[in-house]
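Good morning, everyone. Please have a look at the structure on the screen, and then we'll walk through its inside.

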Amino acid sequence: MSFTKLTRRGLIQTGAVAGAGLALPTYLRAEAHAGFTNAPTGSTVTLGFNVPQTGPYAEEGLDELRAQELAVQHLNGEGDGGMMNTFSSKALKGNGILGKKVEYVTGDTQTKSDAARASAKAMIEKDGAIMINGGSSSGVAVAVQGLCQEAGVIFMAGLTHSNDTTGKDKKANGFRHFFNGYMSAAALAPVLKNAYGEDRRAYHLTADYTWGWTQQESIAAATEAMGWETVNNVLTPLASTDFSSYIAPVLNSGADVLVLNHYGGNMVNSLTNAVQFGLLDKEVNGKKFEIVVPLYSELMAAGAGANVQGVIGSMNWNWQLQDEGSKAFVKSFGEKYGRPPSNSAHTCYVQTLLYADAVERAGTFNPCGVVEALEDFEFDGLGNGPVLYRGDDHQCFKDVLVMKGKDNPTNEFDTLEIVEVTPRAQVEYAPDHPMFAGGELGECNPGA
């Protein structure tokens, strides 16, 4: 028997007739290498969960780790199975991955690129991790994705929102389920126009690293296209905890909107400082002053408390969605941890299942088999509606949520409300879009 498969690299044929002059995929050619990095030889397989356990994004990291542990339990047939029951692919059986029990090791990225690379390297070289998942910073994601490409293992990115992760810094061994800055801007711009009008002057405070830069570029371009003026963009260090000195100049800038391109503890602190300065109580240019947070999370909203009320932003996923996959995940997570999952938890859980499913469908742990199984893979049942893992850049395309801080929250988790579910078609873009230009996906590296 033989089969034919169309991949990003062209038409390949494998099977019994492959010896008759038909080229095998690289990962099946014996002459290419003796094996692949950390090929499992026993009854178990090890995954590496690399999350910020300290630093400004530590709360996000803790929730990612909760979700990763839950995913491992479900893969091993423990618990209620969660999203495995709603996933459109039925390759996962709850008996591990290819019959091997799933084990895991963890690392602390500290929200620092060097620390993240070091912890990932240790998990790969000392613990035998065959896949790395996690992270809550795009600087970390870009660094670890590069390391995984070099090492010959798969990187299933966690929370990374910079355009660069699947733009100029994309890699064949890396995949991103989370959305990006361009998608946030595409979803937010029409809502902001309807809410605040076309004649606005925006002042940006921006985290000084790859995510902040591309998020600011994206939201500025989208809002300027609808008539807004960008008054200023001020970069702020990731390690900042007090943003008072950055907020004060906003008052004298003539701006009537403050855009906080901040995340995690940075957003909690900068939003709190802005509210303390009374920005939301002011009227400028004959308009009520407004604040926009392009990238939201439930954990940030809870940390900022009443300060988020009425503030608009975007999210990758939210626990209030009513599709069957989201409800199954919220039920499993809530029963285990006594709280709803964040969108960072969701993306790490989903990425873990997607990796395991790709291995099952490929019939191998070889990273090049996994790459071909994931490229242009379309699926449903994991939240966000129908999703495509695009082969050109390994970016997922799905619906995007526009959120607003609730005026009258009923509990500590009920802080945000869904304003709009932006359809996938509205946030899609061509692979050669200027904001994603540069860099090459390259070829899969199977390693050893």
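Let's start with a cavity. The lining of the second largest cavity has 6 nonpolar residues, 5 polar and no charged. Here Ala, Val, Leu, Ile, Met, Phe, Trp, Tyr, Cys and Pro count as nonpolar, Asp, Glu, Lys and Arg as charged, and the others, Gly among them, as polar. Among the lining residues are Tyr-57, Ser-136, Ser-137, Ser-138, His-161 and Trp-211. The volume of the second largest cavity is about 50 Å³.

A word on the source. This is a predicted model, where local features need pLDDT of at least 70 and side-chain atom pairs count only at pLDDT 80 or more, while totals for chains, interfaces and linings use all residues. Residues are numbered from 1 along each chain as its sequence is written, and side-chain values use heavy atoms, leaving out hydrogens and water.

What is a cavity? On a 1 Å grid over the protein atoms alone, it is a set of points where a 1.4 Å probe fits but cannot get out, and lining residues have an atom within 4 Å of a point. Grid points are joined across faces, edges and corners, and the volume is the space filled by probe spheres set on the points.

How many cavities of 30 Å³ or more does a search of the whole structure find? It finds 2. The largest cavity has a volume of about 80 Å³. Its lining has 6 nonpolar, 2 polar and 4 charged residues. Asp-63, Glu-298, Arg-339 and Glu-412 are among them. Helix α8, residues 298-304, gives the most to this lining, with 3 residues. Helices are DSSP runs (H or I, at least four residues), numbered from the N terminus.

Now, helix packing. Helix α4 (residues 181-196) and helix α5 (residues 210-225) pack at an angle of about 30°, with axes 8 Å apart. Axes are lines fitted to C-alpha atoms over the stretch in contact, and angles run from 0 to 180 degrees between N-to-C directions. Leu-188 and Leu-192 are among the α4 residues that meet α5, where Ile-219 and Ala-222 are included. Contact means heavy atoms within 4.5 Å.

The axes of α1 (residues 58-75) and α10 (residues 343-362) come within 7 Å and cross at roughly 35°. That contact has 9 nonpolar, 4 polar and 3 charged residues.

Last, charges. The count comes to 17 salt bridges, each a side-chain nitrogen of Lys or Arg within 4 Å of a carboxyl oxygen of Asp or Glu. Lys-121 and Glu-125 form one, at 3.0 Å, N to O. Both lie in helix α2 (residues 113-125), 4 residues apart, about one turn.

Key: Helices (H or I, at least four residues) and strands (E, at least two) are DSSP runs, numbered from the N terminus. On a 1 Å grid over the protein atoms alone, a cavity is a set of points where a 1.4 Å probe fits but cannot get out, and a pocket is an open set with protein on both sides within 12 Å along at least five of seven lines; lining residues have an atom within 4 Å of a point.
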